[in-house]
Amino acid sequence: SQQGEEDPQALSIQEGENATMNCSYKTSINNLQWYRQNSGRGLVHLILIRSNEREKHSGRLRVTLDTSKKSSSLLITASRAADTASYFCATPGRAGGTSYGKLTFGQGTILTVHP
Amino acid sequence: DGGITQSPKYLFRKEGQNVTLSCEQNLNHDAMYWYRQDPGQGLRLIYYSQIVNDFQKGDIAEGYSVSREKKESFPLTVTSAQKNPTAFYLCASSIGQPRGNQPQHFGDGTRLSIL
């Protein structure tokens, strides 16, 4: 079963607006990662937030993590047409467990930014 | 430039045929991974390898085989036992254990179809 589940499944906005995507997960984690995938391409790592961090920024990206609610959000501010892509959250297995070193990906959010 | 190279970009398989997808990395990463992605879906782990000459089954290993004879290379064979091989296959690598849970770097994928 998928560890992370993104919401919404699809998001359509105008250029300049902010885009917010959410991710929920089931078990405790050491960190949570966000990836981007352009159509027909591989995934690109965007940002990693550790379990002891609540918020992290990278350029126009802002990621929050709420371990009590087992959820994370990715905010893209002042979106551009070039931000059109699928966005995935991923959670790693814990050390000592059978899933250690593996990432489990959610289903993704398809973001479309209209010029 | 360091990165991951997957080849071919497109591959067609005939009934009863085995096909091999290539994945090469020059990032000096210990860990390598193979994922399958179906349309509109997230990634599912097929096989992974944390070190040369060792690999483990992922969540959907049936009908697939791998080898890890060199650090740089992790080829995936889709055997005739895989009855529904049509998908987008992604290879990834990461620093691996003992620094597990590190971001993964992806190739640009191989799209496999049945003739």
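How many residues from chain B and from chain A does the contact take? In this predicted model, in which local features need pLDDT of at least 70, side-chain atom pairs count only at pLDDT 80 or more, and totals for chains, interfaces and linings use all residues, the contact (heavy atoms within 4.5 Å) takes 27 residues from chain B and 23 residues from chain A. Residues are numbered from 1 along each chain as its sequence is written, chains are lettered from A in the order in which they are written, and side-chain values use heavy atoms, with hydrogens and water left out.

The area buried between the two chains, that is, the accessible area (1.4 Å probe) lost on putting them together, summed over both, is about 1,900 Å², of which carbon and sulfur atoms give 47%. One salt bridge is counted between chain B and chain A, the criterion being a side-chain nitrogen of Lys or Arg within 4 Å of a carboxyl oxygen of Asp or Glu; A:R41 forms this bridge with B:D108, and the closest N and O atoms are 2.9 Å apart. On the side of chain B that touches chain A, two or more residues come from each of β4 (31-37), β5 (43-51) and β9 of chain B, strands being DSSP runs of E with at least two residues, numbered from the N terminus. The most is given by β5(B), with five residues.

Of the 27 residues that line the largest pocket, A:Q37, B:Q37, B:P39, B:G40 and B:Q41 are the closest to its centre. At least two lining residues are supplied by each of β9 (85-92) and β11 (109-114) of chain A and β9 (87-94) and β11 (110-114) of chain B. A pocket here is an open set of points on a 1 Å grid over the protein atoms alone, where a 1.4 Å probe fits, with protein on both sides within 12 Å along at least five of seven lines, and lining residues have an atom within 4 Å of a point.

Methods: Helix = DSSP H or I, 4+ residues; strand = E, 2+ residues; numbered from the N terminus.
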